[in-house]
Amino acid sequence: MYKKLFVPVDGSELSERAMQASVDLAKQLGAAIHGFVAEPELPLPTVGTHPSAYSKSSDEHMARTDAHAQNVLKCFEKSASESGVAFSGSHSRTDNVDNTIVDMAQGLGCDMIVMVTHGRGAFGELLFGSHTKNVLSRCKMPVLVLH
């Protein structure tokens, strides 16, 4: 049925629940997991920013986001391997997280996305938006939403 789960995570306490639930599900299904971390692009420089300062800031941002993504994926891989679940992982810098999640899942041949939602309600969605809701509206494959 489902052989490759795509699980976007960010290292938060909430995404740790997605990691554990997806490992449990993959183990029951005999499926593999592809963990994914979306890191933000570097914001554009402000007026008056010297190009060399922006370049240094860009290098620091790249190093910091790479280290964060690798750490999150390493923890996810450890959890999966301890349960005997095949794991692969990747990360990407993007300002459009929702589309990147859908495109990556489809491009990797995954057959289900497993993700968490904060469940903030209508007012919270108005203020903060909802990646989960946007993925659901754009995606043609099944999406398992955890709360």
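This note goes through the predicted model point by point, from its overall layout to single residues.

1. **Ground rules.** The model is a prediction, in which local features need pLDDT of at least 70 and side-chain atom pairs count only at pLDDT 80 or more, while totals for chains, interfaces and linings use all residues. Residues are numbered from 1 along each chain as its sequence is written, and side-chain values use heavy atoms, with hydrogens and water left out.

2. **Confidence.** The pLDDT, which is the predictor's confidence in each residue on a scale from 0 to 100, has a mean of 85 over the protein, and 81% of the residues reach 70 or more. Where pLDDT is low, the predicted coordinates should not be read in detail.

3. **Layout.** The protein has 5 helices and 5 strands, where helices (H or I, at least four residues) and strands (E, at least two) are DSSP runs numbered from the N terminus. Read from the N terminus, the elements follow the order β-α-β-α-β-α-β-α-α-β. Of the contacts with a separation of 6 or more, 79% are between residues 24 or more positions apart. Of the 147 residues, 35% count as buried, and the cut-offs are under 20% relative accessible area for buried, over 50% for exposed, and in between for partly exposed (1.4 Å probe, protein chains only).

4. **The cores.** A nonpolar core is a set of buried Ala, Val, Leu, Ile, Met, Phe, Trp, Tyr and Cys residues joined through side-chain atoms within 4.5 Å. The largest one has 21 residues, and Leu5, Val7, Val9, Ile33 and Phe76 are those with the most contacts inside it. At least two residues of this core come from each of β1 (4-8), α1 (13-29), β2 (32-39), α2 (51-82) and β4 (112-116). A second, separate core of 12 residues includes Phe6, Ile101, Val102 and Val143. Returning to Ile33, and not counting residues up to four places away in sequence, its contacts include Leu5, Val7, Val23, Phe76 and Phe87.

5. **Helix α1.** This helix has 17 residues and reaches 25 Å from its first C-alpha to its last, close to the 24 Å expected at 1.5 Å a residue; the expected span is 1.5 Å times one less than the number of residues. Its buried residues are Leu14, Ser15, Ala18, Met19, Ser22, Val23 and Ala26. Just after the helix, Gly30 takes a positive phi of about 70 degrees.

6. **Ser90.** Leaving aside neighbours within four places in sequence, Ser90 is in contact with residues including His34, Leu73 and Met104.

7. **His68.** This residue of helix α2 counts as partly exposed, at 34% relative accessibility. Not counting residues up to four places away in sequence, His68 touches Asp10, Val37 and Glu39. The C-alpha atoms of His68 and Val37 are separated by 9.0 Å, although the two residues are 31 residues apart along the chain.

8. **Thr94 and helix α3.** Thr94, in the loop between β3 and α3 (97-107), is buried with a relative accessible area of 11%. A polar atom of its side chain lies 2.9 Å from the backbone nitrogen of Asn96. In α3 the buried residues are Asp98, Thr100, Ile101, Val102 and Ala105, and what covers them includes β1, β2, β3, β4 and α5 (131-138). Gly109, which follows α3, has a positive phi near 75 degrees.

9. **Cysteines.** How many disulfides does a search of the whole structure find? The search finds 0 disulfides, the criterion being a pair of cysteine sulfur atoms within 2.5 Å. Cys110 is buried with a relative accessible area of 7%, and Cys139 counts as buried at 13% relative accessibility.

Conventions: Contact = heavy atoms within 4.5 Å. Polar contact = N/O pair within 3.5 Å; in protein donor to acceptor, adjacent residues only side chain to side chain.
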